[in-house]
Amino acid sequence: MTARAARIALLLVAATAPACFDVRSVDPGGVLIDDFDDGDFVPTMLELDAWQCYAFNPRTNPNYHCDHDEGFASPYSLFVDFYVEDTPDDTQQFGGAGLTTSTMNGPIDLTPYRDLILSLRLRSGTPAIPSEAVVYIELYCRTVPSESGAAVSDFYIVQPVTPTGDWSTLRLALTNWGPPPWQTEHIKGGTQACLRAVDSISISLAAQLKDGQAGRGTFFIDNLRLQ
Amino acid sequence: MSRRAATVGLVISCTAGAGCFDVRMTDPGPPVVDDFEDGDLTPAMRSFANWTCGTYEPRGQLTCQLVDGDASNFGLSTSFSIADAPDGIQRHGSAFVTTDANRPVDLTAWSAIAFDVRVTTNKVVPDPLFHLDLSCSTVPSESGTAVVALSVVQGIAYSNDGWTTVVLALSNFGPPPWQPEHIQGGSIACLRAIDEISFVWDAALPDGESVTGTLSIDEVRLQ
């Protein structure tokens, strides 16, 4: 057999022999959502659009803005500064403010990850935000159908955390997110179906004001990553 | 062979011969937690203790009664009166019916819990919150902090007009937003070790208001 014929034979064997693959699942590793250290509003995670801030209950509250400030042992974090009033009407509106980023090209699947890790802190102003304030970390999945078939455009799952005055870093297991009980239309496929099709991440600080109270605060986030 | 010998032979062949059994699987049907048709407060599912009724905020006891069920002889009902103190805070006064298990029960073999519910009130309540709570008091929190009872919950949609049949997929139970301690292992770890089932109707009353009514359940089943 000539050297040329041998090379051709080897090529044929390589091209037609059964292939071997390592089919073990691979840890996707960590993904940085954003550490804000580039000083802009564009998340590091390429699938996500620019960060925005908002107020809620009421949505019409104009007294908020977001920007960057010193981070948790880093140059920058993202904050929303806000003032919220609870209308004196015998009902607590549970108003507050938050920070959000949405996907640009359709939902993303978070199920390969185990935890969402982030650092946060709340700087209370005057009038003070009550110590009962809660942060809701909300993962929206607006394209997931409901069990009943009814059109629902705002499905989300939520996990609460307690904000602190100093920076705290939290590792939140994705298995601990769930639909809020006030969401009486239910997600077809449950929490897992939502985690497979997340289209925005919102971090909302609910000030837990009493009826008729007001509060001012600045809520910071930093170093968001999936792991 | 005498008749007696034949009889003895038959008996021996019946006791010593190979037996034939129908070994096909039989569907036991959906497990009934309780349909109340035995007319008592003891759940049909024996892991669970007698139903009790009460209120949260403030904590109090209510009388559980057996009344007409949803197209059946009996359902479980409790009458409640809830008042919110006029202090600027909505206390989320609630009525509940509950049953505790004497050992953790693994619900993950099932896909849903189904039941009938009825809530009647003396006036329209603008924004009540009705939820089913599945507690797992033996499951630790992620932080290791002692927590009285971690739970997973799911909201219940119901009609104000009589009984409503509800089916809740177990995949949609999750930790409630008012539970700042997180479950080690998440919702699935809780569903593997359920030791309390509670139907909670939270009136979510405006500050200083009150309401009276009845909360009834029937046909609680796993499926």
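Chain A of this predicted model holds 2 helices and 11 strands. Reading from the N terminus, the elements of chain A follow the order α-β-β-β-β-β-β-β-β-β-α-β-β. Of the 227 residues in chain A, 36% count as buried. Among the contacts in chain A with a separation of 6 or more, 74% come from residues 24 or more positions apart.

**Confidence**

The model as a whole scores ipTM 0.83 and pTM 0.86. For chain A the mean pLDDT is 91, with 88% of the residues scoring at least 70. Chain B averages a pLDDT of 89, and 87% of its residues reach 70 or more. In chain B, residues 5-19 have a pLDDT below 50, and this stretch has 1 contact beyond near neighbours in sequence. Where pLDDT is low, the predicted coordinates should not be read in detail.

**Nonpolar cores**

In soluble globular proteins, nonpolar side chains tend to be buried together. Here the largest nonpolar core comprises 49 residues, and those with the most contacts inside it are A:Ala97, A:Leu139, A:Cys141, A:Cys194, A:Leu205 and A:Ile221. Take A:Leu205 for a closer look: leaving aside its neighbours within four places in sequence, A:Leu205 is in contact with A:Gly96, A:Ala97, A:Gly98, A:Leu122, A:Ala133, A:Val135, A:Pro163 and A:Phe219. Another core lies apart from this one and has 46 residues, including B:Val97, B:Val105, B:Phe199 and B:Ala204.

**Strand pairing in chain B**

Strands of a sheet pair through backbone hydrogen bonds, either parallel or antiparallel. One open sheet of chain B has 6 strands in the order β3-β2-β6-β11-β8-β9, with antiparallel pairing. Its edge strands are β3 (60-62) and β9 (151-155) of chain B, each of which pairs on one side only. Direction ignored, neighbouring strands of this sheet are turned by 30° against each other on average.

| Strand pair | Bridges | Residues facing each other |
|---|---|---|
| β6 (residues 94-105) and β11 (residues 194-202) of chain B | 8 bridges | B:Val105 and B:Ile194 |
| β7 (residues 112-121) and β10 (residues 164-169) of chain B | 6 bridges | B:Ile113 and B:Leu168 |
| β7 and β12 (residues 210-222) of chain B | 8 bridges | B:Ile113 and B:Leu222 |

B:Val105 ties two topics together: B:Val105 belongs to the core of 46 residues, and its bridge partner in β11(B) is B:Ile194.

**Where the chains meet**

The contact between the chains draws 30 residues from chain A and 30 residues from chain B. On the side of chain A that touches chain B, β8 (156-161) and α2 (190-195) of chain A each supply at least two residues. Which element gives the most to that side? β8(A) does, with 4 residues. Sorted by class, the side of chain A that touches chain B has 12 nonpolar, 14 polar and 4 charged residues.

Conventions: Residues numbered from 1 in each chain as written. Chains lettered and ligands numbered in written order. Predicted model: local features only at pLDDT ≥ 70, side-chain atom pairs only at ≥ 80, totals over all residues. Core = buried A, V, L, I, M, F, W, Y, C linked by C-beta atoms within 7 Å. Buried ≥ 20, exposed ≤ 12 C-beta atoms within 10 Å, placed from the backbone. Contact = placed C-beta atoms within 7 Å. Nonpolar A, V, L, I, M, F, W, Y, C, P; charged D, E, K, R; others polar. Pairing = 2+ DSSP bridges. Axes fitted to C-alpha atoms, helices over the stretch in contact; angles between N-to-C directions. pLDDT = per-residue confidence, 0-100.
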